[in-house]
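Before the discussion moves on, please look through the points below with the structure open beside them. They are meant for a colleague who has not seen this fold before.

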Amino acid sequence: MHLSGRPVAAFDPEGLIFAAGVNSESVKLYDLRSFDKGPFTTFKLPQDKECDWFGLKFSPDGKMILISTNGNVIRLIDAFQGTPLQAFMGFTNHKGIPLEASFTPDARYVFSGSTDGKVHCWSTESGVKMAILQSDHPGPIQCIQFNPKYMMMASACQNMAF
């Protein structure tokens, strides 16, 4: 299910730079101190034919940007060059719904929910899937958030009848 792409945005950890995702194909970076001059850089990425972007997140160290989608891929790019670092796959999203992904506080791992009620974990460095966690969620896990100071995660779902 391919939509027209919705705008997404995120601030870096310092709150000075923000990223804006446009048409599920480019990321524009703005500096708040010179916002009136427009983006200071734009990263054009290959467009995913089967999905659209639904979220951007900077890593806690500000070095990477995570792109969540409504498909079967989560992208990780370098926040300075825009180069693709990883494509996280192997989770279930057969319903085409937005699934949020999140960094651990040390930025070493990315966690994402799936429509089968499982939580998936990948290494940001290698891209290798590290774990699949079972949950008691009755529906698709659409939200994963990490506590910024402790290795503690919260997940949430919406019980959806499809």
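1. The model is a predicted one, and a search of the whole structure finds seven aromatic pairs in it. Tyrosine 30 and phenylalanine 35 make up a tilted pair, with 5.5 Å from centre to centre and 40° between the planes. Phe11, Phe18, Tyr30 and Phe35 together form one aromatic cluster.

2. Four strands form an open sheet in the order β1-β2-β3-β4, with antiparallel pairing. The edge strands, β1 (8-11) and β4 (41-44), each pair on one side only, and the twist from one strand to the next averages 20°.

3. Within this sheet, β1 and β2 pair in the antiparallel sense over four bridges, and they form a hairpin with five residues between them, where glycine 15 in the turn has a positive phi of about 75°. The bridge partner of alanine 10 in β2 is alanine 19, and alanine 19 also stands opposite leucine 29 in β3. Strand β2 (residues 17-22) and strand β3 (residues 26-31) are paired in the antiparallel sense over six bridges.

4. In a regular strand the side chains alternate between the two faces of the sheet. On β1, Val8 and Ala10 make up a covered face, while Ala9 and Phe11 make up an uncovered one.

5. The largest nonpolar core has 15 residues, and those with the most contacts inside it are Val27, Leu29, Phe58, Ile65 and Ile67. The elements that give it two or more residues are β1, β2, β3, β5 (53-58) and β6 (64-69), and β5 gives the most, with three residues. A second, separate core has 13 residues, including Met64, Leu76, Ile97 and Ala101.

6. Which residues does leucine 29 touch, leaving aside those up to four places away in sequence? Its contacts include Ile17, Phe18 and Ala19, as well as Pro39, Phe40, Thr41 and Phe43, and also Phe58, Ile65 and Ala79.

7. The structure holds three salt bridges. In one of them, lysine 44 meets glutamate 25, with the closest N and O atoms 3.4 Å apart; this pair links distant parts of the chain, since lysine 44 lies in strand β4 and glutamate 25 in the loop between β2 and β3, 19 residues apart. Lysine 44 counts as exposed, at 61% relative accessibility.

8. Aspartate 31 forms a salt bridge with arginine 33, the closest N and O atoms being 2.8 Å apart. Aspartate 31 is buried, with a relative accessible area of 15%, whereas arginine 33 counts as exposed at 60% relative accessibility.

9. The side chains of lysine 57 and glutamate 100 meet in a salt bridge at 3.0 Å, N to O. Because lysine 57 lies in strand β5 and glutamate 100 in the loop between β8 (84-88) and β9 (101-103), the pair ties together parts that are 43 residues apart in sequence. Glutamate 100 counts as partly exposed, at 21% relative accessibility.

Notes
Residues numbered from 1 in each chain as written. Predicted model: local features only at pLDDT ≥ 70, side-chain atom pairs only at ≥ 80, totals over all residues. Heavy atoms only, no water. Phe/Tyr/Trp six-rings, centres within 6.5 Å; stacked < 30°, edge-to-face > 60°. Pairing = 2+ DSSP bridges. Axes fitted to C-alpha atoms, helices over the stretch in contact; angles between N-to-C directions. Core = buried A, V, L, I, M, F, W, Y, C linked by side-chain atoms within 4.5 Å. Buried < 20%, exposed > 50% of the residue type's maximum accessible area, 1.4 Å probe, protein only. Contact = heavy atoms within 4.5 Å. Salt bridge = Lys/Arg side-chain N within 4 Å of Asp/Glu carboxyl O.
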